[in-house]
Amino acid sequence: MIALQEVCKFYDDLKAVDHLSLEVAEGEICVLLGKSGCGKSTTLKMINRLIPSTSGQIKVNGKNVEDYVVENLRRSIGYVVQSIGLFPYMTVEHNISLVPQMLKWDKKKTRARVEELLELVGLDVDLYIHKYPGELSGGEAQRVGVARALAADPPIILMDEPFGAVDPINRTRLQKEFVRIQKQLHKTVVFVTHDIEEALKIGDKIGIMDKGVLQNFAPPEKIMSGGNQAFVRDFLGEDYFLKILSRFPIADYLVSFSAPVTDYKLCLPAASNLQNALAMMVSQGEMKTAVQGENGTMLGEINLDTVLRVLKRSE
Ligand SMILES: Nc1ncnc2c1ncn2[C@@H]1O[C@H](COP(=O)(O)OP(=O)(O)OP(=O)(O)O)[C@@H](O)[C@H]1O
C-alpha cells in the first residue's frame with residue numbers, strides 16, 4: 001500500500017532522511033519512532049508530497065507519488081497533526097465537513113457522515129456538533145481532528161504526533177479509542193511519535209529512526225532483535241520488555257485455576273493486560289491472580305510463569 005525505497009531528503013549537508021526503505025501493508029499501523037529531529041515528520045510529509053524527496057521512490061498503491069495529481073493523492077490520504085489546525089471560526093460540523101464539501105457531497109450525506117464520525121470518535125453529536133474549537137478541550141479537539149481526517153473515508157491516514165498536546169490521561173484514552181476505531185476501519189496508517197509506550201500500544205510495526213536513518217523496522221515483539229541492535233536497545237531501554245507486556249490482553253493468556261477460587265488474594269478484570277497483572281503480582285508478592293469477567297464470573301488465573309514465558313518469547 002505504501003512503499004518507500006531508498007528515500008532521501010537532504011537540506012544542503014543535513015541528511016534529514018537518509019536512504020530510508022520500508023513498506024506498510026494495507027490495514028497496518030506503522031509507527032515511526034525517534035527523538036526530535038530524527039526525520040519522522042519529513043518522512044511523513046514526503047508521502048503526501050508536502051515535501052519533495054531529494055531521491056528515492058515513494059509508492060502509494062503501487063503508483064509513484066510523483067505520478068499522481070497532487071490533489072487526488074492528498075484526497076486519498078487523511079492527515080492529522082498535533083496542532084490540528086481546526087478553523088476557529090467554524091463549528092465542529094463545518095470543520096469535519098470541509099473535505100466532503102470539496103467533494104461536492106450533498107448536505108444530507110455530509111451531515112450523516114459528520115454524525116457518524118462524531119459517534120465513532122466518542123463525541124456526543126448533539127453536544128458537540130455546533131461547538132467552536134475554542135470551546136473544546138485539547139483531547140476533544142484532537143478527536144475532531146481525527147474525525148476530519150476520516151471524513152472522506154481515505155484508505156490511508158498519516159498522523160504526526162496527533163496526541164502530543166494532550167494530557168497523559170486523555171492521551172491514554174485517545175490511544176485506546178484509536179486502536180478500537182482502527183479495528184473497525186482497517187486504515188493504512190503511518191503514525192509519528194517520540195513516545196515509546198505510545199508506539200507500543202498502537203503499532204503493528206515500529207520503525208526506529210536516528211539522524212534520518214531507519215535503525216530497525218519490525219513488529220514491537222521483534223524490535224529488540226535485528227537492525228542496529230545496540231542503538232535500538234539503548235533507545236528503548238532495558239524496561240522495554242516490561243512495557244511490551246501492555247500489548248498482551250489477559251484474556252488471551254488465561255489458564256485454569258490451580259487452587260480453589262477462595263484461595264486467591266488477587267483478582268483482576270479480564271479487560272486488563274499482562275503488564276497490569278505483573279505489576280499487581282510483584283507489588284503484592286503473589287505468584288498468581290484470579291481473573292474475573294465483566295458479569296462477575298471467575299474465568300481462570302494468570303500466573304508469573306505465563307508472564308515470564310511471554311517475556312522470553314519477545315526477547
Ligand atoms: N525546511 C528545512 N530546512 C532545513 N532543515 C530542515 C527543514 N525541515 C526540517 N529540517 C531538519 O531536518 C531534520 C528532521 O526534521 P523532522 O521535522 O523530520 O524531525 P522529527 O523527527 O519529525 O522531529 P520532531 O519530533 O521534533 O517533530 C531536523 O534536523 C530539522 O531541523
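User: Which residues of the largest nonpolar core touch the most other members?

Analyst: Happy to start there. A nonpolar core is a set of buried Ala, Val, Leu, Ile, Met, Phe, Trp, Tyr and Cys residues joined through C-beta atoms within 7 Å. Buried means that 20 or more other C-beta atoms lie within 10 Å of a residue's own, with C-beta atoms placed from the backbone. Here the largest core has 62 residues, and those touching the most other members are Val-31, Ile-47, Leu-117, Ala-147, Leu-158, Val-190 and Phe-191. Helix 6 (residues 138-150) gives the most to this core, with six residues. A second, separate core of nine residues includes Leu-274, Leu-278, Ile-302 and Val-307.

One note on the source: this is a predicted model, in which local features need pLDDT of at least 70 and side-chain atom pairs count only at pLDDT 80 or more, while totals for chains, interfaces and linings use all residues. Residues are numbered from 1 along each chain as its sequence is written.

User: What does Val-31 touch, not counting residues up to four places away in sequence?

Analyst: Two residues are in contact if their C-beta atoms, placed from the backbone, lie within 7 Å. With that sequence exclusion, Val-31 touches Phe-191, Thr-193, Ala-199, Ile-202, Gly-203, Ile-206 and Gly-207.

User: Which residues are around the ligand?

Analyst: A residue counts as near a molecule if its C-beta atom, placed from the backbone, lies within 6 Å of it. The shell consists of Tyr-11, Leu-14, Ala-16, Gly-34, Ser-36, Gly-37, Cys-38, Gly-39, Lys-40, Ser-41, Thr-42 and His-194. Strand 2 and helix 1 are the elements giving two or more residues, and helix 1 gives the most, with three. Helices (H or I, at least four residues) and strands (E, at least two) are DSSP runs, numbered from the N terminus.

User: Is Ser-41 buried or exposed?

Analyst: Ser-41, which lies in helix 1 (residues 40-47), is buried because 21 other C-beta atoms are within 10 Å. Leaving out residues up to four places away in sequence, Ser-41 touches Asp-160 and Val-192. The C-alpha atoms of Ser-41 and Ile-51, ten residues apart along the chain, are separated by 9.9 Å.

User: What order do the strands take in the open sheet?

Analyst: Two strands pair if DSSP finds at least two bridges between them. The four strands of this open sheet run in the order 2-1-4-5, with antiparallel pairing. Strand 2 (14-24) and strand 5 (63-64) are the edges, each pairing on one side only. Strand 4 (residues 55-60) pairs with strand 5 over two bridges, and Asn-64 in strand 5 is the bridge partner of Lys-59.

Definitions and conventions:
A residue is buried if 20 or more other C-beta atoms lie within 10 Å of its own, exposed if 12 or fewer, and partly exposed in between; C-beta atoms are placed from the backbone.
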